[in-house]
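I opened the model to look up its charged pairs and its overall build. Below are my entries, in the order I made them.

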Amino acid sequence: MTTPRADQAAVEEAIITRRDLVNDAIPDQLPIIRPERLYEASRYLLDAGGKRLRPTILLLAAEAIADADPLGEDYHAFPAPDGPVDVMSAAVSIEIIQSFTLIHDDIMDDDDMRRGVPAVHREYDLETAILAGDTLYSKAFEVMLETGAPAERSVRALSELATTCTKICEGQAFDIDFESRSAVEPDEYLDMVELKTAVLYAAAASVPAMLLGDDDAVDALYGYGLDIGRAFQIQDDLLDLTTPSEKLGKQRGSDLIEGKKTLVTLHARENGVDVDGLVDADTVEAVDEAEIEAAVGELRDAGSIQYARETAHGLIDSGKSNLEVLPDNHSRDLLGGIADYLIEREY
């Protein structure tokens, strides 16, 4: 049995409706209390927006596991064999971890903007941004404790969250290490992406199975999240090269200008392309659009863009095959549709 392809409009509507519900829940789980500046900084990126893809996946996975009507149950008291579970708290916890990683990423990369607003360390200051990230990290565990699941299931979800955070840090360390290495293998890149990006998708997909007591679905949903999470990052790499700057929200080709190693550039280097010489600019501001277009043309001619695209599609197909463990329902179809959406989005 294969998961039918969900209508794109239905997928986008599913994301929007659940995003709005997550947005409504965030202030309750993370109120601005004293010291106000710390909690304002902690909430800053959360309030700035975002698609909320990871919590949406968590909520859809819960619906699919329970074979519940989409949006038909109260997420704060979701039906489970041993009594209701607050899966919305789990969803918010996952999004809080995502925000924590973004704050610290922006500090390490010295980025100025995030989600169309100044980065936290620019809007506030470096010290406050570090504290805000640390606060979000610890708050995520507090919020995950509020699901009301039986103790053994709650502990399993908390353990998964802790392991996920450790792996994210490991992935970031590998990414930093790659910057100083002249040679990186494509498989090494995929391993790094799995740690830095995909494990949070895997946690989002599998935690509801842990909380709701569906042990048979945990590993399959984790595999789904790992595969689509890696595909998500590959698509991000492709968008940096192929999407106009005005739609992308940043300078097209910025990863190339900054010398970041991606699946595209690693494949190109293996196939004889002088990746370091593709763009003659020291800063993003100094780049010429025609130069970026020429560089992308070389990467396309080398087959590197197609290689990355095919890799992403293969990962999506692999991820969707894991959904067969779930009951055949609309929420499962939407999980498959979100997987497709991750590599078809244009920004």
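I started with Glu 95, which is buried because its relative accessible area is 2%. My cut-offs are these: buried means under 20% relative accessible area, exposed over 50%, and partly exposed in between, with a 1.4 Å probe and protein chains only. The model is predicted, so I kept local features to pLDDT of at least 70 and side-chain atom pairs to pLDDT 80 or more, while totals for chains, interfaces and linings use all residues. Residues are numbered from 1 along each chain as its sequence is written, and side-chain values use heavy atoms, with hydrogens and water left out.

**Entry: the partner of Glu 95.** Which residue forms a salt bridge with Glu 95? I found Arg 52, with the closest N and O atoms 3.0 Å apart. I call a pair a salt bridge when a side-chain nitrogen of Lys or Arg is within 4 Å of a carboxyl oxygen of Asp or Glu. Glu 95 sits in helix H4 (residues 87-109) and Arg 52 in the loop between helix H2 (36-48) and helix H3 (53-66), so the bridge ties together parts 43 residues apart in sequence. Helices are DSSP runs of H or I with at least four residues, strands are runs of E with at least two, and both are numbered from the N terminus. Arg 52 also counts as buried, at 2% relative accessibility.

**Entry: Arg 345.** I noted a salt bridge between the side chains of Arg 345 and Asp 236, at 3.0 Å from N to O. Arg 345 lies in the segment after helix H15 (330-344) and Asp 236 in helix H9 (residues 215-242), so this pair ties together parts 109 residues apart in sequence. Is Arg 345 buried or exposed? At 8% relative accessibility, Arg 345 counts as buried. Asp 236 has 28% and counts as partly exposed.

**Entry: Lys 320.** Lys 320 forms a salt bridge with Asp 340, and their closest N and O atoms are 3.0 Å apart. This pair links distant parts of the chain, with Lys 320 in helix H14 (residues 304-321) and Asp 340 in helix H15, 20 residues apart. Lys 320 is buried at 14% relative accessibility. Asp 340 is buried too, at 8%. I then saw that salt bridges with shared partners join Arg 52, Glu 95 and Arg 115 into one network.

**Entry: salt-bridge total.** How many salt bridges does the whole structure hold? My search found 25.

**Entry: Glu 152.** I placed Glu 152 in helix H7 (residues 151-179). Its relative accessibility is 54%, so Glu 152 counts as exposed. Glu 152 and Gly 213 are 61 residues apart in sequence, and their C-alpha atoms are 9.8 Å apart.

**Entry: the chain as a whole.** I counted 15 helices and two strands in the protein chain. The C-alpha atoms fill a box of roughly 60 × 55 × 35 Å along the principal axes. Of the 347 residues, 55% count as buried. I looked at contacts (heavy atoms within 4.5 Å). Among those between residues at least 6 apart in sequence, 74% join residues at least 24 apart.
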